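Please consult the sequence and coordinates shown below while reading.

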Amino acid sequence: MGIIVSLGAVLAIMVVAWIGGSISGLQPIFGVLVPYAAFAVFLIGFCRKVVYWAKSPVPFRIPTTAGQEVSLPWIKWAKLDNPSTTAGVIGRMFLEIFCFRSLFRNTRADLRSGYLYYSPSKWLWLFAIGFHYAFLIIALRHLRLFVHPIPGFVETLDAVDGMFQIGIPPIYLTDLLFIGAVTALFCRRIFLSKVRFISLPADYFPLFLLLGIGITGLLMRFVFRVDIVSVKQLANGLASLHPTVPDNLGAIFFIHVALVSTLFAYFPFSKLMHMGGVFMSPTRNLANTNRMKRHENPWWTPPKFHTYEEYEDMYRDLMKEAGLPLERE
Amino acid sequence: MAKELTPQEMLRIDLSPPTQDWMDIPVEIKPGIYCYPAKPEKIEIVGMPNPHEWNPLDDDWNLPEGWKETFLEGMRERLDKHRSFKIFMDICVRCGACADKCHFFLGSGDPKNMPVVRGELIRSIYRGEFTKAGKILGRLAGGRKLTEEVLKEIWSYMFQCTECRRCSLFCPYGIDTAEITIIGRELLNLLGLNINWIQEPVANCYETGNHLGLLPHTFVQNIEFLLMDIEEFVGIKIEPSFNRKGAEILFITPSGDVFAEPGIYTLMGYLMIFEHIGLDYTWSTYACEGGNFGFFTSLEMAQRLNAKMYHEAERLGVKWILGGECGHMWRVVHQYMNTFNKPVPTMEEPVSPITGTKFENAKSLKMVHMSEFTADLIKHGKLNLDPSRNDHYKVTFHDSCNPSRGMGMFEEPRYIIKNVCNHFYEMPENTIREQTFCCGSGSGLNAGENMELRLRGGLPRANAAKYVHEKYGVNMLANVCAIDRAVLPASMEYWCPEMQVAGVSELVANALIMEGEGPRTMNLRGEEIPGRAPAEEESEGNEDV
Ligand code: HEM
Ligand code: SF4
Ligand code: SF4
């Protein structure tokens with residue numbers, strides 16, 4: 001059900017954008033208004049979410065310790081997996097964010113004739129890291145449309161990404177990686193029974209959206225050939241806040257833009273916020289200094305406990321009989 | 001247990017979930033899996049809300065009036081108090097990396113025991129009751145309303161999680177389902193829905209100071225019995241002190257080790273080690289529980305029980321606290337105690353009086369783990385050891401969840417074992433250290449009525465133990481946890497019958513050569529040590545043949 005609904009939603013967006021993009025009177029809406037609105041929703045929504053999280057304190061130090069703690073001086077300490085210094089935490093977070101360290105640990109468990117076997121399983125890590133880096137590089141490459149003059153690193157990325165010069169125009173490696181990885185992530189969701197069991201419409205929807213973005217992107221480059229000069233004109237206009245809508249943009253372009261806008265607008269209200277959340281996750285971004293330093297809990301209240309005096313009052317006779325020292329006889 | 005299953009029957013586990021939507025699978029409260037409800041009077045002792053009579057098998061749980069608002073209000077309050085909870089509600093991508101990491105899922109195949117689904121049970125309420133999209137779109141946005149049926153489901157699965165954090169290790173965002181369970185249980189406790197196996201120890205611990213409710217004189221007597229055993233098996237007379245003011249160190253360990261096998265042997269081990277090094281320390285009958293079942297109830301209850309440690313340390317005027325071998329005790333001590341309490345000005349940074357080592361990693365909390373303390377003693381040659389006395393044991397080490405993923409103590413116990421035993425073998429690497437599997441009965445789920453759940457949850461650990469048993473002949477599962485000592489024997493008896501269970505300090509004391517000791521032909525369990533029949537008595541000097 002989730003699959004159909006999500007696919008339906010993405011197709012509906014495409015149809016609306018196609019119709020809108022084909023009517024020249026509506027083009028300013030789909031070419032300017034919608035992207036602006038989506039970007040604004042993204043920025044404001046993202047910040048609001050981060051502030052919403054930040055408003056709740058971190059009352060306790062709860063790092064998941066994934067290696068030897070700092071201990072006696074002769075015991076080798078896992079500085080990154082169980083950091084007790086700020087540098088260690090930064091290192092740990094770097095590995096999490098840029099290398100998906102925890103996901104890299106992944107194993108699969110199988111039960112065969114009474115024995116459990118665990119084997120390394122890197123597929124999810126591979127698809128995930130492939131997808132994210134492809135997405136990042138594609139996003140950066142898009143800067144060439146928005147920024148004038150084109151920054152040097154964007155030119156370099158472009159050259160490296162298209163270095164194989166296959167086809168005319170040359171195909172980008174990241175495009176293939178992106179489509180491949182998103183497809184693989186999608187296949188996991190439908191073919192692996194555990195992942196299918198836990199998948200919600202909110203899991204299929206972004207995957208269809210990303211796939212739609214990727215495919216329409218490729219179509220513009222290889223099949224329907226949009227006029228790149230006009231695209232730049234529009235993008236530059238958007239970026240410099242002087243938007244103009246050139247009149248020779250095909251409907252396919254508007255579909256692409258509508259899908260990207262949807263992704264932006266949807267982002268802050270969805271699981272995609274893991275991008276912000278991963279930085280703030282208390283099991284990863286806290287140093288294990290629990291016994292070395294005192295940590296304050298902002299909502300701390302004094303504990304109501306059974307004091308020694310109450311205890312002695314309760315059991316004085318028994319304690320006396322057992323020869324235990326007393327505060328008051 | 002409802003019906004006795006043989007290991008073969010128990011092993012018919014299907015790890016592929018059905019194609020049904022999980023929200024459509026009705027909850028089933030099964031004998032053998034669920035624990036008995038908390039008795040109202042045990043809730044009243046500690047003044048927690050809504051004590052009432054109810055039975056999980058009944059349709060009507062006699063829920064207090066306005067239960068739904070109480071639950072949701074409690075959830076809102078906890079979202080405001082814990083950033084972890086808020087973020088974990090929002091960012092799970094349902095990638096499934098955690099799915100097959102939970103011992104309860106691996107041992108039962110129940111798909112709702114996949115950590116991600118356990119989390120989704122609560123996340124679906126968050127989406128359905130707290131977010132706009134969920135309120136409008138309902139299930140399309142993954143949201144559910146909180147109904148009685150849903151509450152029962154949450155109850156069932158919050159008490160099928162041992163808060164072991166194995167899932168959190170593998171989650172790309174560090175989502176800790178244990179944290180969700182901790183908060184989920186707090187919410188259930190607002191409605192008086194604890195289990196008795198947790199509530200009764202909490203009440204006992206609150207009043208008498210220990211889980212079993214041993215009164216002060218009984219606590220002392222129990223230790224005296226063990227001293228008599230030491231005298232018999234080791235030939236040494238020890239006279240420890242209780243509630244003594246002016247001692248340098250206060251020693252606190254879980255009370256389970258005071259009365260039950262094989263924990264008592266660990267406790268005998270402590271007594272012997274302290275005697276051997278001449279430690280100036282005292283026991284307390286007031287703060288006589290290291291364990292803290294409050295932690296399985298609510299963080300507030302954990303704080304209320306934990307407060308006794310510092311309170312007693314201050315009253316007795318000790319410099320620092322030494323803590324015995326226990327899992328969840330050390331989760332609370334290491335990760336929470338320094339925040340639960342104000343510091344005690346009279347205490348000092350812990351220094352080993354025997355070796356002079358400063359325990360830098362504990363300088364603020366002033367509480368040191370027994371294994372840290374012992375490892376340091378061995379390193380400085382302060383223990384006179386004859387590891388061959390443990391030669392009849394082939395030993396492996398079970399890392400308990402809490403000191404592993406909530407502290408990171410891996411090397412100290414291994415160093416100790418390798419110094420006191422000649423035969424040490426590791427279990428497979430995906431089942432030890434930070435990836436260790438729970439015993440299956442942690443976080444207060446070590447009751448009798450849920451034995452099927454315990455055996456299922458214990459399968460991954462037992463399976464790894466069985467592997468080294470078959471491969472190397474390992475017959476001793478060492479650990480640093482009182483719950484392990486209490487529950488692993490049952491799990492081993494079922495899955496790997498030849499495996500015994502011991503605390504690390506027991507193995508140390510077996511190997512400890514004490515001044516003035518007897519012939520040492522018996523171990524601390526009063527069993528003959530093979531090859532040390534009384535005839536060889538005189539050959540004390542070259543014992544390590
Ligand atoms: C700091 C930045 C980010 C980090 C560290 C990060 C990390 C991850 C990881 C580890 C996964 C889990 C593996 C998986 O399910 O594929 C994941 C999933 C995902 N991420 Fe990110 N991510 C980041 C930013 C983004 C951004 C900007 C997007 C925007 C589109 C995004 C979209 C997704 C999607 C759609 C999935 C789910 C894939 C699936 O359904 O299987 N991520 N991310
Ligand atoms: S590993 Fe983390 S993100 Fe993935 S399903 Fe489990 S809890 Fe969610
Ligand atoms: S904390 Fe442990 S028991 Fe609980 S869901 Fe995670 S792996 Fe399972």
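**Interface of chains A and B**

The structure is a predicted model. In this model, 92 residues of chain A make contact with 118 residues of chain B. About 9,100 Å² is buried between chain A and chain B, and carbon and sulfur atoms account for 60% of that area. Five salt bridges are counted between the two chains. One of these joins A:Lys49 to B:Asp90, with 3.5 Å between the closest N and O atoms. Polar contacts across the interface of chain A and chain B amount to 70 residue pairs, with both residues at pLDDT 80 or more. On the side of chain A that touches chain B, helix α14 of chain A (residues 308-321) gives the most, namely seven residues. By residue class, that side of chain A comprises 47 nonpolar, 24 polar and 21 charged residues.

**The site of ligand 1**

To which chains do the residues that surround ligand 1 belong? They come from chains A and B, and the site is therefore shared between chains. There are 22 residues around ligand 1, and those that come nearest are A:His132, A:Arg189, A:His274, B:Cys95 and B:Tyr173.

| Residue | Distance to a nitrogen atom of ligand 1 |
|---|---|
| A:His132 | 2.7 Å |
| A:His274 | 2.8 Å |
| B:Tyr173 | 3.1 Å |

Four helices of chain A, α5 (123-141), α8 (173-191), α10 (201-222) and α13 (274-280), each supply at least two residues of the shell around ligand 1. The most comes from α5 of chain A, which gives five residues to this shell. The shell around ligand 1 divides into 18 nonpolar, two polar and two charged residues.

**The site of ligand 3**

The residues that surround ligand 3 belong to chain B and include the cysteines B:Cys102, B:Cys161, B:Cys164 and B:Cys167. Also among them are B:His103, B:Arg118, B:Glu163 and B:Arg165. In chain B, α6 (115-130) and α10 (177-190) each supply at least two residues of the shell around ligand 3. Its residues divide into six nonpolar, three polar and three charged.

**Domains 1 and 3 of chain B**

Chain B is divided into domain 1 (49-193), domain 2 (212-379) and domain 3 (387-511). Between domain 1 and domain 3 of chain B, the C-alpha centres are 30 Å apart. Their contact takes 17 residues from domain 1 of chain B and 20 residues from domain 3 of chain B. These two domains bury about 1,500 Å² between them, 65% of it from carbon and sulfur atoms.

How many salt bridges does the rule find across the interface of domain 1 and domain 3 of chain B? The count is zero, while seven residue pairs are in polar contact there, both residues being at pLDDT 80 or more. On the side of domain 1 of chain B that touches domain 3 of chain B, the elements giving two or more residues are α5 (103-108) and α9 (166-170) of chain B. The largest share, five residues, is that of α5 of chain B. This side of domain 1 of chain B divides into seven nonpolar, five polar and five charged residues.

Technical notes
Residues are numbered from 1 along each chain as its sequence is written. Chains are lettered from A and ligands numbered from 1 in the order in which they are written. This is a predicted model: local features need pLDDT of at least 70, side-chain atom pairs count only at pLDDT 80 or more; totals for chains, interfaces and linings use all residues. Side-chain values use heavy atoms; hydrogens and water are left out. Contact means heavy atoms within 4.5 Å. Buried area is the accessible area (1.4 Å probe) that two parts lose on being put together, summed over both. A salt bridge is a side-chain nitrogen of Lys or Arg within 4 Å of a carboxyl oxygen of Asp or Glu. A polar contact is a pair of N or O atoms within 3.5 Å; within protein, one must be able to donate a hydrogen and the other to accept it, and residues adjacent in sequence count only if both atoms are side-chain atoms. Ala, Val, Leu, Ile, Met, Phe, Trp, Tyr, Cys and Pro count as nonpolar, Asp, Glu, Lys and Arg as charged, and the others, Gly among them, as polar. A residue is near a molecule or strand if one of its heavy atoms lies within 4 Å of it. Domain bounds come from an automatic or database domain assignment.
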